[in-house]
Amino acid sequence: MDQNSKINELINKNQLHEALELLNRMIEESPASDKLYFERGKLLWRLGDRGAAMGDYAKAKSINPDSPAVRALELAYDVANFFNPDLYNP
């Protein structure tokens with residue numbers, strides 16, 4: 001089984017921290033892979049670490065301007081910048 005399949009299997013089994021550890025090791029071995037940063041960003045977002053996820057999306061974008069991380073980063077900024085004044089005025 002290749003490592004990408006292993007990551008998907010871990011995520012499907014909800015073993016997210018184990019998948020994160022594997023992704024971290026893969027990034028150490030291939031630090032120029034925008035795909036790995038994008039995948040780790042998605043996993044970090046799912047784990048609730050929004051800032052780190054956005055950092056990984058930005059890193060993937062800097063490596064490959066055509067990465068799907070570009071769109072993910074735009075959407076993350078939209079979420080971060082969302083403001084609804086009605087939520088503060090009951």
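Let's start with a pair of helices. H1 and H2 pack at about 155°, and their axes lie 8 Å apart. Here an axis is a line fitted to C-alpha atoms, for helices over the stretch in contact, and angles run from 0 to 180 degrees between N-to-C directions. Helices are DSSP runs of H or I with at least four residues, strands are runs of E with at least two, and both are numbered from the N terminus. H1 and H2 are therefore roughly antiparallel to each other. On this scale, under 35 degrees is roughly parallel, over 145 roughly antiparallel, 65 to 115 roughly perpendicular, and the rest oblique.

Before going on, a word on the source. This is a predicted model, where local features need pLDDT of at least 70 and side-chain atom pairs count only at pLDDT 80 or more, while totals for chains, interfaces and linings use all residues. Residues are numbered from 1 along each chain as its sequence is written, and side-chain values use heavy atoms, with hydrogens and water left out.

Back to the first pair. H1 passes H2 in a left-handed crossing. Left-handed means the near helix is turned anticlockwise from the far one by less than a right angle; clockwise would be right-handed. From H1, the contact takes in Gln3, Asn4, Lys6, Ile7, Leu10 and Ile11; from H2, Leu16, Glu18, Ala19, Leu22, Leu23, Met26 and Glu29. Contact means heavy atoms within 4.5 Å. By class, the contact of H1 with H2 has eight nonpolar, two polar and three charged residues. Nonpolar covers Ala, Val, Leu, Ile, Met, Phe, Trp, Tyr, Cys and Pro; charged covers Asp, Glu, Lys and Arg; the others, Gly among them, are polar.

Now the whole protein. How many helices and strands does the protein have? Five helices and zero strands. Along the sequence the pattern reads α-α-α-α-α. The C-alpha atoms fill a box of roughly 55 × 30 × 15 Å along the principal axes. Of the 90 residues, 33% are buried. Buried means under 20% relative accessible area, exposed over 50%, and partly exposed in between, using a 1.4 Å probe and protein chains only. Take the contacts with a separation of 6 or more: residues 24 or more positions apart account for 31% of them.

Next pair. The axes of H2 (residues 16–29) and H3 (residues 34–47) come within 10 Å and cross at roughly 155°. That makes H2 roughly antiparallel to H3. H2 passes H3 in a left-handed crossing. On the H2 side, the residues that meet H3 include Leu20, Asn24 and Ile27. Among their partners in H3 are Leu36, Leu43 and Leu47. By class, the contact of H2 with H3 has 11 nonpolar, two polar and three charged residues.

Stay with H3. How far apart are the end C-alpha atoms of H3? They are 20 Å apart, which agrees with the 20 Å that its 14 residues should span at 1.5 Å a residue. The expected span is 1.5 Å times one less than the number of residues. The buried residues of H3 are Asp34, Leu36, Tyr37, Phe38, Arg40, Gly41, Leu43 and Leu44. What covers them includes H1 (3–12), H2, H4 (50–63) and H5 (69–80). After H3 comes glycine 48, with a positive phi near 95°.

H3 also packs on H4, at about 165°, with the axes 8 Å apart. H3 and H4 are therefore roughly antiparallel. H3 passes H4 in a left-handed crossing. The contact includes Phe38, Gly41 and Trp45 of H3, and Ala53, Tyr57 and Ile63 of H4. The residues of the contact of H3 with H4 divide into 10 nonpolar, one polar and six charged.

Is serine 67 buried or exposed? Serine 67 counts as buried, at 4% relative accessibility. Serine 67 is in the loop between H4 and H5. Leaving aside neighbours within four places in sequence, serine 67 is in contact with Asp34 and Ala60.

Asparagine 14 lies in the loop between H1 and H2. Its phi is near 60°, a positive value in a residue other than glycine. At 52% relative accessibility, asparagine 14 counts as exposed.

Asparagine 8 is in helix H1. Asparagine 8 is partly exposed, with a relative accessible area of 43%.
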